[in-house]
Every structure is written in structure tokens, then in C-alpha cells.
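This briefing covers charged and aromatic side-chain contacts in one protein model. Please keep the sequence and the structure in view while reading.

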Amino acid sequence: MIREIVIYPDKRLRKVSQDVTEFDEKLHNLLDDMYETMIAKDGIGLAAIQIGIDKNALLINLADEEGEQHKEDLLEVINPKITHLEGSEIYQEGCLSVPGYYDDIQRAKNITVEYFDRYGNKIVRDLDGLLAIAMQHEMDHLKGHLFIEKLSYLKRKKFEKEWKKKLKAAK
Ligand code: Y12
Ligand code: CO
């Protein structure tokens with residue numbers, strides 16, 4: 001089922017998500033709904049809190065060189081923990097919860113992440129490039145943080161003014 005995306009400044013986006021304890025059918029249904037929603041909204045990453053569920057679960061499904069997403073490449077990430085961060089990289093990020101706004105954000109270039117798959121199997125991966133960026137972006141959601149919090153003071157002020165105007169016009 002396609003769920004509604006929680007849009008900034010909804011306060012649910014500031015919630016700290018809780019660890020998944022049961023790797024059961026309910027979790028599988030949540031992950032399936034997240035996938036359907038992410039694809040329907042043209043996303044490449046989604047955290048559960050973006051559909052209002054405060055569980056430590058996120059998806060990443062990057063596109064190939066032709067811009068196509070393949071379900072075989074889908075990462076289903078449960079209870080992730082970053083154990084190593086190295087280097088620095090700037091990438092223009094966007095977020096389904098802040099539609100239409102993109103800006104350059106600095107993050108670690110290489111990370112090691114430990115997480116569980118939908119069956120509770122532990123996975124350890126070294127990530128770089130867009131995967132490392134997407135993982136850090138989505139993991140921030142699990143802690144109640146958004147990429148716009150990394151903007152400079154002036155950029156954030158400008159963003160807030162424009163965002164308020166945009167929301168008012170959409171009413
Ligand atoms: C690099 C940087 C950020 C991420 C996090 C995942 N972000 C997304 O999946 C964002 C998707 C997105 C899609 C939108 O819809 C369309 O483009 C049709 C969108 O809406 C507008 O721009 C109006 C905004 C964001 C991963 C890797
Ligand atoms: Co996001």
C-alpha cells in the first residue's frame with residue numbers, strides 16, 4: 001500500500017525512532033509499503049518515520065547508469081549502526097519530506113555500517129559514493145534529523161522563508 005509522506009515541518013520528523021525487535025510479518029508489510037511508497041514518489045531512499053512509523057528501518061534503492069531502479073539492488077536496513085566514518089564529500093541532496101529543495105551537504109565519504117535484514121540476519125558493509133551518502137541521510141531521519149539542519153545559518157533562514165511561502169501558496 002502506498003502511504004502518505006510526512007512533509008516538513010511536521011513534528012513527527014523530529015522523533016527518535018526505536019529499534020525493531022520482531023522480524024515478523026508486520027515488519028515485512030511495513031518494508032513492502034515503504035518500498036511501494038518510495039517508488040511511487042520517485043525516491044531513492046526512505047526512512048520509516050517518513051511514513052509516520054518511528055521504527056529503525058530504512059530503504060535505499062539507487063538507480064543504475066540509465067536511471068533505472070532495480071528491486072534486486074534494494075537495501076532493506078534495520079537497526080543500523082555506523083562503526084567507522086572516514087573522509088569527506090559534498091553532494092547535492094534532496095528528500096521526499098522536503099520536496100523540491102536540494103542543496104549541497106557535506107558528509108563522510110566512506111562508512112562501515114552494521115545492520116539487520118528483514119529476517120534478522122546481521123550484515124556488515126563498507127560503503128562509499130552515493131550509497132554512503134544515502135545511508136547517512138536516511139540514518140539521520142532515524143535520529144529525528146533532516147539534511148536542512150546541516151545548512152549554514154543564512155541558507156537555512158532563506159530556506160525557511162521560501163518554504164513557508166510555498167506551503168501557504170499550496171493551501
Ligand atoms: C543522495 C542524497 C539524498 C538521498 C536521500 C533520498 N532522497 C530522495 O529519494 C529524494 C527524492 C525526491 C524525489 C522527488 O520527486 C521527484 O523528483 C518527482 C522530489 O520532489 C520534487 O523535487 C518536487 C524530491 C525528492 C539519497 C542519496
Ligand atoms: Co530524507
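The count of salt bridges comes to 12. The model is a predicted one.

**Salt bridge R118–E76**

- R118 and E76 form a salt bridge through their side chains, with an N to O distance of 2.9 Å.
- R118 sits in the loop between β6 (110-116) and β7 (122-127), while E76 belongs to strand β3 (residues 75-86), so the contact ties together parts that are 42 residues apart in sequence.
- R118 counts as buried because its relative accessibility is 13%, under the 20% limit.
- E76 also counts as buried, at 16% relative accessibility.

**Salt bridge K155–D103**

- The side chains of K155 and D103 meet in a salt bridge of 2.8 Å, N to O.
- K155 is part of helix α3 (residues 153-170) and D103 is part of strand β5 (residues 103-107), so this pair ties together parts that are 52 residues apart in sequence.
- K155 is partly exposed, its relative accessible area being 38%.
- D103, by contrast, is buried, with a relative accessible area of 11%.

- In the salt bridge between K122 and E114, the closest N and O atoms are 3.2 Å apart.
- K122 counts as exposed because its relative accessibility is 53%, over the 50% limit.
- E114 has a relative accessibility of 26% and counts as partly exposed.
- D32, E76 and R118 are joined into one network by salt bridges that share partners.

**Aromatic pairs**

- There are six aromatic pairs in the structure.
- One of them is the stacked pair of F159 and W163, with 5.4 Å from centre to centre and 25° between the planes.
- The pair counts as stacked because planes under 30 degrees apart fall in that class.
- Both F159 and W163 lie in helix α3, where four residues, about one turn of the helix, separate them.
- Where do these two side chains stand, buried or exposed? Both F159 and W163 are buried.
- Ring pairs connect F159 and W163 with Y8, Y101 and F147 in a cluster.

**Charge over a ring**

- K71 lies over the face of Y35, and its distance from the ring centre is 4.4 Å.

Key. Residues are numbered from 1 along each chain as its sequence is written. Chains are lettered from A and ligands numbered from 1 in the order in which they are written. This is a predicted model: local features need pLDDT of at least 70, side-chain atom pairs count only at pLDDT 80 or more; totals for chains, interfaces and linings use all residues. Side-chain values use heavy atoms; hydrogens and water are left out. A salt bridge is a side-chain nitrogen of Lys or Arg within 4 Å of a carboxyl oxygen of Asp or Glu. Helices (H or I, at least four residues) and strands (E, at least two) are DSSP runs, numbered from the N terminus. Buried means under 20% relative accessible area, exposed over 50%, partly exposed in between (1.4 Å probe, protein chains only). Rings of Phe, Tyr and Trp (its six-membered ring) pair if their centres lie within 6.5 Å; planes under 30 degrees apart count as stacked, over 60 as edge-to-face and the rest as tilted. A charge sits over a ring if NZ of Lys or CZ of Arg is within 6 Å of the ring centre and within 35 degrees of the ring normal.
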